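Please look over the structure shown below before reading on. The report that follows takes up salt bridges, a sheet and a loop.

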Amino acid sequence: MSEYEHLASGNETPTQADESASTARRLGPTFRPTHPVALAPVTAPAHSLDGFVREFLHELHSAVGVTLARSSVNDQYIALASTVRNYLMARWLETTKKVRESKAKTVAYLSAEYLLGRQLGNALLATGLEDIARQAMEACGLDYETLRAQEVEPGLGNGGLGRLAACFIDSLATIGIPSIGYGIRYEYGIFRQTFVDGRQVEQPDNWLELGAPWEFPHPEAAVEVNFAGHTEQYTAPDGKQRTRWVPGWSVLGEPCNYMVPGYQNGRVNTLRLWRARAKRAFDLAQFNAGDYVEAVRAQTFAENITKVLYPEDSTPQGKELRLQQQYFFVACSIRDFIVNMLEEGCDLHQLPERVIFQMNDTHPVVAIPELMRILVDEQGWEWDDAWNTTRQCFAYTCHTLLPEALEVWPAELFARLLPRHYEIIDRINAEFLAEIRATYPGDETKVAAMSIITAGSAPAVRMAYLATVAGIKVNGVAGLHSQLLRDQVFSDFSTLWPDKFTNVTNGVTPRRFVRLANPRLADLITDALGVGWLTDLERLTELEQFAEDAEFRERFAAVKRRNKRHLAARLKARDGIELPLDNMLDVMVKRLHEYKRQSLKLLHIVSLYERIKSGKLSLEDVTPRNFIFGAKAAPGYRIAKQTIHLLNQVAATINADPALEGRLKVFFPPNYNVTLAERVIPAADLSEQISLAGKEASGTGNMKFALSGALTIGTLDGANVEIRDQVGEENFFLFGMTEPEVTALEAQGYHPRDYYESDPDLKAAVDMIASGVFSGDDLEPAQALVNNLLHEDRFMAFADFRTYMDAQARVEVAYADQDDWVRRAVLNVARAGYFSSDRSIRDYLARIWRADPLT
């Protein structure tokens, strides 16, 4: 029995002095409390073991309101998080003070998504308190890992876009750049995915249910945000005609602050997320009259704006809500920066020297007309003066090549919801088109192609075009992607303004995705290189010499084996999955979208299975593999959800077939998120990056896998091109068409059935799916996928099938030589240092932002 168990099991509540004395016995003779911990000031510094325990018990008693003996795991987690948060507080306030006093140029990062992951481990790493926290919890009779696992990660993002934003704010803080992240504090994040009979079922992601110890809400600093209504002309005191917006309704935006600590540098930046609430939340008269629903209608209506990440927008109501979300958060953010980040009386003509608003994709682009509205309507500036300033304050990152992903808003909706902003966009467009007509006289085709607002009976606002016209720079996120933006997506604009376009290849933070996610590998690297590489990741090149060191390779292989054991234990506890430990781990984890081609991976698995069952392939010749998928499909994306259903059907059939003797296993753990990624990625042997060339902007999962020692099988798409260049073509399993070959095939006409008829393996795999072998009586997902691939196959899975199968055969040959495979894996890690988000941020600073670290 522990020293606390007898207190917890009795009827009496233990005194705080009892707990202090008990803790003193655990810590030994150096810990000598002379007063009740919770009632006396905490005088010992939190970075000492004594101080940490005192602070932890203080938080448990005073903030959570329980004794240790009576506390739940969640109580203990809240107290631990609060203890670490308190340690960061002074650094946070000091950083904020220095930024304001220095009047330094600030990077304001505008993003609708931040996929942060769990905060406790990252905060402890940043503060250097990991070991002390573990020892303190042990001294209190608690298990640190249990408390860490209690944290629910905030699912405030959908995938790579949100995770990139989280990596970038981490790097901004680590490099010491004055910055603030702005976004939305969704009450329910990306849905919690469950499977019912193999089908995806979305459940609310109630990430706030057990408390939010990392959040600092400030209702007193709420910002008023207006919508709808109309505009009117009036004569200003200076005699000039002005426009004012008479809104139809308003809500309040309440800031919720989160600390963003730099890695052991004393800097703590801010992430400010906004939640909506009503100006008048409760109507007492309606309530007293018995109309209880109407009494709270205003609050319900307002809260809907920040209720859910990306509301399903296949309905007019859903589209309107999305636009409300986007304007809500940028209106709050622009106002906040001007009022709270700048000193009182600051001349807004200096705004370009004080801030760069980086727009993470098109979601925040309505910030451009919002700043124009503030300068022209509220500050009384002349239009040209305001436009000149605004055009120097914004930069735009484009994250896609798919036309449907470049946001376009119906003009009718935009003008109804944001009438003044639509007028401003209309004038920006008119002046821009006058410039185009002067540059290309008589070329009305060019004018129509470049117009921000489309013509016709249903005009629409092209937000990417607005961002390109107004932004000081436009960047893609990988070399190939940026080239395609210039040559295809924005070709007219890049011809007009060639210097406006640049590239910044994405990166990932090594603090989370190496040190936290893969601590055993991080320790091995530190043993080899010493300290310092976590903030200078290109030092990993020093590992190359160890690829030829047999002892180092064995230690590297041991890390991978241990990571697999940890993953297996997690999947067993989380999902009841029994993961064979000796099989190759072949992983495809990413958002479910047709262009990412989970369907091609499915065809590979089914083809292997069909060849074994038909006797074409001997079981002894099959490399034992565990295939792991992780993916969520958007709730309204029918074919994606059917693909998930079929994957689960295939998994159930293969896993239950005793004839395979466990040599092929397929697993699809539900609700893939950052927390699960931190277990899956370090254990992976093979990274599947198989999108159609020219469709993926960059990808960051590919970088995380390479940094964890997984070899990549992939196409020349997105950042795969640069990964292959860095790690060496001999350490990358390349297949598939190049982007020019894809374009040529599209131009001549792509007929997927021709590939089906000419490739016996492909035909056999497709026929096996269509036959119902995997589906039983539920043929809908199989029929849907087969019909889609045979008659459309928009992303050319059939065209790349044969080269993909050939590349997989090369994988099997390479994997058979385990020692050489490990050597290649070491080289992947050694040569992947380029893909640090620190390097990405330095590229942004040099090419776009022109901001300096805070001294």
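Arg 275 is partly exposed, with a relative accessible area of 23%, where buried means under 20% relative accessible area, exposed over 50% and partly exposed in between, for a 1.4 Å probe and protein chains only. Its partner in a salt bridge is Glu 254, with 2.4 Å between the closest N and O atoms; the term stands for a side-chain nitrogen of Lys or Arg within 4 Å of a carboxyl oxygen of Asp or Glu. Because Arg 275 lies in strand β12 (residues 268-277) and Glu 254 in strand β11 (residues 249-261), the pair ties together parts that are 21 residues apart in sequence. Glu 254, for its part, is buried, at a relative accessible area of 4%. Helices (H or I, at least four residues) and strands (E, at least two) are DSSP runs, numbered from the N terminus.

This is a predicted model, in which local features need pLDDT of at least 70 and side-chain atom pairs count only at pLDDT 80 or more, whereas totals for chains, interfaces and linings use all residues. Residues are numbered from 1 along each chain as its sequence is written, and side-chain values use heavy atoms, with hydrogens and water left out.

## Other salt bridges

A search of the whole structure finds 62 salt bridges. Side chains of opposite charge can pair when their charged atoms come close. Glu 554 and Arg 561 meet in this way at 2.7 Å, N to O, and both residues are partly exposed, Glu 554 with a relative accessible area of 43% and Arg 561 with one of 41%.

Asp 843 and Arg 839 form a salt bridge at 2.9 Å, N to O; because they are four residues apart in helix α36 (residues 837-849), about one helical turn separates them. Asp 843 is buried, with a relative accessible area of 14%, and Arg 839 also counts as buried, at 9%. A network of salt bridges links Asp 586, Lys 601, Arg 625, Glu 688 and Glu 812.

## The six-stranded sheet

Six strands form an open sheet in the order β21-β20-β19-β22-β23-β24, with parallel pairing, two strands being paired if DSSP finds at least two bridges between them. The edge strands, each pairing on one side only, are β21 (664-667) and β24 (732-734). From one strand to the next the twist averages 20°. Helix α25 (residues 598-613) packs on the sheet, where it touches β19 (584-589), β20, β21 and β22 (686-689), and its direction makes about 155° with that of β20. Contact means heavy atoms within 4.5 Å, and axes are lines fitted to C-alpha atoms, for helices over the stretch in contact, with angles running from 0 to 180 degrees between N-to-C directions.

Strand β20 (residues 625-630) is joined to β21 by four bridges, while six bridges join β19 to β20. Ile 628 stands opposite Phe 667 in β21, and Val 589 has Gly 630 in β20 as its bridge partner. Six of the six residues of β20 are buried: Arg 625, Phe 627 and Phe 629 point one way, and Asn 626, Ile 628 and Gly 630 the other way.

## A loop glycine

Gly 736 is found in the loop between β24 and α30 (739-748) and is partly exposed, with a relative accessible area of 26%. Not counting residues up to four places away in sequence, Gly 736 touches Asp 800 and Thr 803.
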